Amino acid sequence: MDFLHNPYVFASLSAGLVLLLAQFLFRKVNKRGRKKKKYHPIGGTVFNQLMNFNRLHHYMTDLAGKYKTYRLLSPFRNEVYTSDPINVEYILKTHFENYGKGMYNYQNLRDFLGDGIFTVDGEKWREQRKISSHEFSTKMLRDFSIFVFRKNAAKVANVVSEATTSNKTLEIQDLLMKSTLDSIFQVAFGTELDSMCGSSEEGKNFAEAFEIASMLTLYRYVDVFWKIKKFLNVGSEAVLRKNTKILNDFVFKLINTRIQQLQISKDDSTYPEVQEKAAEEVKEATNTKTKTFSSGAEFVSFVTDEALEKMHYLHAAITETLRLYPAVPVDAKICFGDDTLPDGYNVNKGDMVSYQPYAMGRMKFIWGDDAEEFRPERWLDHNGIFQPESPFKFTAFQAGPRICLGKEFAYRQMKIFSAVLLGCFRFELNDEKKVVTYKTMINLHIDGGLEVKAFHRHWVN
């Protein structure tokens with residue numbers, strides 16, 4: 001990724017800039033005599049993205065602060081980025097049929113995500129959406145997922161407890177990511193991946209390959225030469241191919257194993273006041289203020305559906321985290337036909353039009369002057385009851401016909417895990433002076449993980 005030390009990079013950039021100039025001149029000549037269109041201001045080029053790749057979301061947020069919607073010039077198409085909720089609603093709902101994944105996104109994502117619901121449009125998407133919607137709505141899945149989340153939350157609590165007792169630090173991001181992966185695989189496939197406790201080497205390799213493949217897939221969006229590298233099987237594309245093979249081999253082995261089984265059986269820690277307030281709510285909701293426990297597994301039995309429904313502040317804290325740190329920081333669509341967005345600017349057929357959850361969470365014109373402040377109270381009314389916002393403003397789960405089917409599923413997992421961990425432990429950063437930043441990937445990850453120290457709460461034996 002350290003492309004600036006590559007002696008050939010500047011030649012590549014020069015060639016790209018020539019393509020940009022040729023494209024600009026072609027469009028200028030081609031549009032003479034036609035009705036003049038109004039286009040969004042130019043924020044830069046795709047090569048600015050490349051040069052800022054390691055701080056890409058900061059760069060895009062800076063541009064969003066200057067322009068609600070702007071263009072980045074590319075050798076092959078305009079790229080339009082918006083943080084305006086009015087445009088977001090138009091793209092995701094009002095004129096949904098004109099904005100989809102398109103062939104550009106499909107080609108970029110296919111090696112990593114295949115022909116799944118995240119990469120396709122039209123009938124393929126509708127059919128998968130219909131099947132997935134039915135599966136997510138079943139009571140059986142809901143009940144089984146709660147069972148799995150509670151079980152894995154208890155396992156996490158035990159790992160944290162052991163580290164606390166032995167005064168060891170924890171890399172909490174790695175632990176939670178592996179636990180989430182374990183939960184998803186057990187709910188989806190009925191299989192114990194067990195990458196969390198390190199007992200499965202295959203599970204560990206899968207998790208590492210997934211992270212690398214995610215990062216390199218996003219890199220394709222700023223690397224105009226990725227198809228050449230893929231053809232030659234060199235550089236980042238060779239690494240991506242190696243890691244997607246690990247993913248595919250693992251998943252296909254898992255699917256085949258499940259088919260055979262079915263045939264046989266027929267069947268933040270940097271906000272201590274928020275942490276403490278959420279912990280108090282958990283104790284109140286679970287009625288455990290005066291109780292003591294010997295393990296996280298014992299505490300889990302008190303985290304009932306009824307108790308979770310009472311945890312409005314915890315729900316608000318999770319939502320506030322997702323507002324500032326959405327799982328998918330930028331989501332791209334392709335415009336299928338010439339159009340005019342609600343802000344009055346035109347977009348052309350083939351343009352990439354993206355909305356920016358990461359940048360939107362930091363926009364003062366959306367959230368007020370305290371937009372960059374972590375404040376869960378913004379989600380609560382005067383009675384302390386959680387109040388949702390428009391999904392075109394809070395875009396962490398997308399909106400419109402493609403809104404995330406797993407939204408409630410995700411909230412359920414996050415609330416169960418948070419309730420158990422906050423109910424049993426208090427957390428501090430291991431190094432308060434260390435700068436925490438992200439790794440530029442399709443989904444948002446902390447670069448280098450997050451090391452914390454955990455302490456038993458005084459009411460746990």
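This is a predicted model: local features need pLDDT of at least 70, side-chain atom pairs count only at pLDDT 80 or more; totals for chains, interfaces and linings use all residues.

1. The volume of the largest cavity is about 50 Å³.

2. Which residues line the largest cavity? They are L322, R323, P326, P357, M360, G361, W367, K393, F394, T395 and A396. By class, this lining comprises 7 nonpolar, 2 polar and 2 charged residues.

3. Helix α15 also takes part in a contact with helix α18 (residues 407–424); the two axes come within 10 Å and cross at roughly 115°. The crossing of α15 with α18 is right-handed. On the α15 side the contact involves L314, H315, I318, T319 and L322, and on the α18 side Y411, M414, K415, S418, A419 and L422. These residues divide into 7 nonpolar, 3 polar and 1 charged. The reader may note that L322 belongs to this contact and also lines the largest cavity.

4. A further partner of α15 is helix α12 (residues 272–286): the axes of α12 and α15 lie 8 Å apart, and the packing angle is about 145°. From α12 the contact includes V274, K277, A278, E281 and V282, while α15 contributes H312, Y313, L314 and A317. Sorted by class, the contact of α12 with α15 holds 6 nonpolar, 1 polar and 2 charged residues. L314 of α15 touches α12 and is likewise part of the contact with α18.

5. Elsewhere in the chain, how do helix α7 (residues 139–165) and helix α8 (residues 172–189) cross? Their axes come within 10 Å, at an angle of roughly 150°. Angles over 145 degrees count as roughly antiparallel, and α7 and α8 are therefore roughly antiparallel to each other. Their crossing is right-handed.

6. The residues behind the contact of α7 with α8 can be located on both helices. Helix α7 supplies L141, F144, S145, V148, F149, K151, N152, V156, V159 and V160. Helix α8 supplies L175, L176, S179, D182, S183, Q186 and V187. Together they divide into 10 nonpolar, 5 polar and 2 charged residues.

Technical notes:
Residues are numbered from 1 along each chain as its sequence is written. Side-chain values use heavy atoms; hydrogens and water are left out. Axes are lines fitted to C-alpha atoms, for helices over the stretch in contact, and angles run from 0 to 180 degrees between N-to-C directions. Helices (H or I, at least four residues) and strands (E, at least two) are DSSP runs, numbered from the N terminus. Angles under 35 degrees count as roughly parallel, over 145 as roughly antiparallel, 65 to 115 as roughly perpendicular and the rest as oblique. A crossing is left-handed if the near helix is turned anticlockwise from the far one by less than a right angle, and right-handed if clockwise. Contact means heavy atoms within 4.5 Å. Ala, Val, Leu, Ile, Met, Phe, Trp, Tyr, Cys and Pro count as nonpolar, Asp, Glu, Lys and Arg as charged, and the others, Gly among them, as polar. On a 1 Å grid over the protein atoms alone, a cavity is a set of points where a 1.4 Å probe fits but cannot get out, and a pocket is an open set with protein on both sides within 12 Å along at least five of seven lines; lining residues have an atom within 4 Å of a point. Grid points are joined across faces, edges and corners, and a volume is the space filled by probe spheres set on the points.
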